[in-house]
Amino acid sequence: MVAEQLRARGIRDERLLAAMEEIPRHRFIPASLASRSYEDGPLPIGEGQTISQPYIVAEMTEALRLSGTEKVLEIGTGSGYQTAILCRLAREVVTVERIASLLKGAGKILPELELENVRFRVGDGTMGVPEEAPFDRIIVTAASPDVPAPLFEQLAEGGIMVIPVGARWEQDLLRVRKEGGKPRKDLLGACRFVPLIGQCGFHD
Ligand code: SAH
């Protein structure tokens, strides 16, 4: 997976490549699909949700430019695989998931992998976690119609947010930097995520 899907496609961050080499992705995949854990695509994780393609996890994480000192907010815990990678690369992680059963699953696996620098929250991540703000980095792993205002507000000055923005079925992956209180947006590429459902996301 790391050699063929990540290195060969241009992922260069060695800390990230090492983390993806070491975190057992199969632990985050339902048992019936375990043999497909290292395939080059997303997989269903129940509740109509998916674990992202390994390359997308790498691309988004690399775009966050983590050095190990950052406080990170993740919206859309899902399987917890992306969360585990963030735990390895950042100082602390706050992760929010709207579906309690998924959060419970992730909350069980991460401590088993000795990843303890994370706090789990159930709720609408489009509102962020104001009492924990500001965040040096924010990663949203579900598709949003726009950059949710509360999330941009909770991003630290000089901070970076990575988020898929667009229509329900196809989006642009954006890196948004906060400079002088204003957003500076770069397009990373096209992508397809399950929808971000919430007050500042899509409506059910
Ligand atoms: N990073 C995860 C991706 C899971 S898919 C993984 O690789 O496993 C996106 C997740 O976002 C789903 O679990 C979905 O339930 C969650 N989600 C959607 N809207 C949300 C919201 N408003 N707040 C928190 N989580 C949300």
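1. Two strands pair if DSSP finds at least two bridges between them. In this predicted model, strand β1 (residues 43-46) and β2 run antiparallel and are joined by 3 bridges, so the two strands meet that criterion for pairing.

2. Within this pair, Gly46 stands opposite Gln49 in β2. The hairpin of β1 and β2 has 2 residues between the strands, and in this hairpin Glu47 takes a positive phi near 60 degrees.

3. Turning to the ligand, there are 25 residues around it, of which Ser79, Glu97, Asp124, Gly125 and Ile197 come nearest. The residues of this shell divide into 10 nonpolar, 12 polar and 3 charged.

4. An oxygen atom of the ligand lies 2.6 Å from a polar side-chain atom of Glu97, whereas for Gly125 the polar atom belongs to the backbone and is 2.8 Å from a nitrogen atom of the ligand. Ile197 likewise contributes a polar backbone atom, which is 2.7 Å from a nitrogen atom of the ligand.

5. As for burial, the ligand taken alone exposes 580 Å², and the protein buries 99% of that area. The space that the ligand takes is the largest pocket.

6. Which elements give two or more residues to the shell around the ligand? They are β2 (49-51) and β4 (92-97), and β2 gives the most, with 3 residues.

Technical notes. Residues numbered from 1 in each chain as written. Predicted model: local features only at pLDDT ≥ 70, side-chain atom pairs only at ≥ 80, totals over all residues. Heavy atoms only, no water. Near = heavy atom within 4 Å. Polar contact = N/O pair within 3.5 Å; in protein donor to acceptor, adjacent residues only side chain to side chain. Areas by Shrake-Rupley, 256 points an atom, 1.4 Å probe, with all protein chains shown as cover. 1 Å grid on protein atoms, 1.4 Å probe; cavity = no way out; pocket = protein on both sides within 12 Å on 5 of 7 lines; lining within 4 Å. Sits in = over half its atoms within 2 Å of the grid points. Helix = DSSP H or I, 4+ residues; strand = E, 2+ residues; numbered from the N terminus. Nonpolar A, V, L, I, M, F, W, Y, C, P; charged D, E, K, R; others polar.
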